[in-house]
Amino acid sequence: MVTPEEVQSYIEKGLQCSEVRVAGDGQHFEALIVSEAFRGRSRVQRHQLVYAALGERMREEIHALSMRTLTPEEAASG
């Protein structure tokens, strides 16, 4: 079973982030991801970047991932 810490590590290794927080029960996870890479991108495009960082793990190890993807400015204002 995958831990929230492992999911966080996978995201941080595959995407330049200023903040990543992950909670979950081993199959279903919630993540807050703050990255400059999200600037000028739609929500779908942001999620695609995270999915790309997770790669095959999204199919094999992680069954559900709910995420908030924010730029540093969005995170600071909200």
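## Contacts and overall fold

Two residues are in contact when heavy atoms of theirs lie within 4.5 Å. In this predicted model, residues 24 or more positions apart account for 51% of the contacts with a separation of 6 or more.

The protein has four helices and three strands. Along the sequence they follow the pattern α-β-β-α-α-β-α. The radius of gyration is 12 Å, close to the 12 Å that the globule rule gives for 78 residues, so the protein is as compact as a globular protein of that length. The C-alpha trace spans about 35 × 20 × 20 Å along its principal axes.

## Surface and interior

The protein exposes about 4800 Å². Carbon and sulfur atoms supply 46% of that area. Of the 78 residues, 36% are buried.

## The nonpolar core

The largest nonpolar core contains 18 residues. Ile11, Ile33, Val50, Leu54 and Leu65 have the most contacts inside this core.

Leaving aside residues up to four places away in sequence, Ile33 touches Ile11, Leu15, Cys17, Glu19, Val20, Phe38, Val50, Met67, Arg68, Thr69 and Leu70.

Is His47 buried or exposed? His47 has a relative accessible area of 18%, and the limit for a buried residue is under 20%, so His47 counts as buried.

Not counting residues up to four places away in sequence, His47 touches Met67 and Thr69.

## Salt bridges

Side chains of opposite charge can pair when their charged atoms come close. The structure holds five salt bridges. One of them joins the side chains of Arg21 and Glu19, with 2.7 Å from N to O. Glu19 is partly exposed because its relative accessibility is 29%, which lies between the limits of 20% and 50%.

Which residues are linked in a network of salt bridges? Glu36, Arg39 and Glu73 form such a network. Arg39 takes part in both of the following pairs. Between Glu36 and Arg39, the closest N and O atoms are 2.3 Å apart. Between Glu73 and Arg39, the closest N and O atoms are 2.9 Å apart. This second pair links distant parts of the chain: Glu73 lies in helix H4 (residues 72-77) and Arg39 in the loop between E2 and H2, 34 residues apart.

Glu36 has a relative accessibility of 46% and so counts as partly exposed. Arg39, at 41%, is partly exposed. Glu73 has a relative accessible area of 43% and is therefore partly exposed as well.

Terms used:
Residues are numbered from 1 along each chain as its sequence is written. This is a predicted model: local features need pLDDT of at least 70, side-chain atom pairs count only at pLDDT 80 or more; totals for chains, interfaces and linings use all residues. Side-chain values use heavy atoms; hydrogens and water are left out. A nonpolar core is a set of buried Ala, Val, Leu, Ile, Met, Phe, Trp, Tyr and Cys residues joined through side-chain atoms within 4.5 Å. Buried means under 20% relative accessible area, exposed over 50%, partly exposed in between (1.4 Å probe, protein chains only). A salt bridge is a side-chain nitrogen of Lys or Arg within 4 Å of a carboxyl oxygen of Asp or Glu. Helices (H or I, at least four residues) and strands (E, at least two) are DSSP runs, numbered from the N terminus. The radius of gyration is taken over C-alpha atoms; the globule rule is 2.2 Å times the number of residues to the power 0.38. Accessible areas come from the Shrake-Rupley method with a 1.4 Å probe; for residues, only the protein chains shown count as cover.
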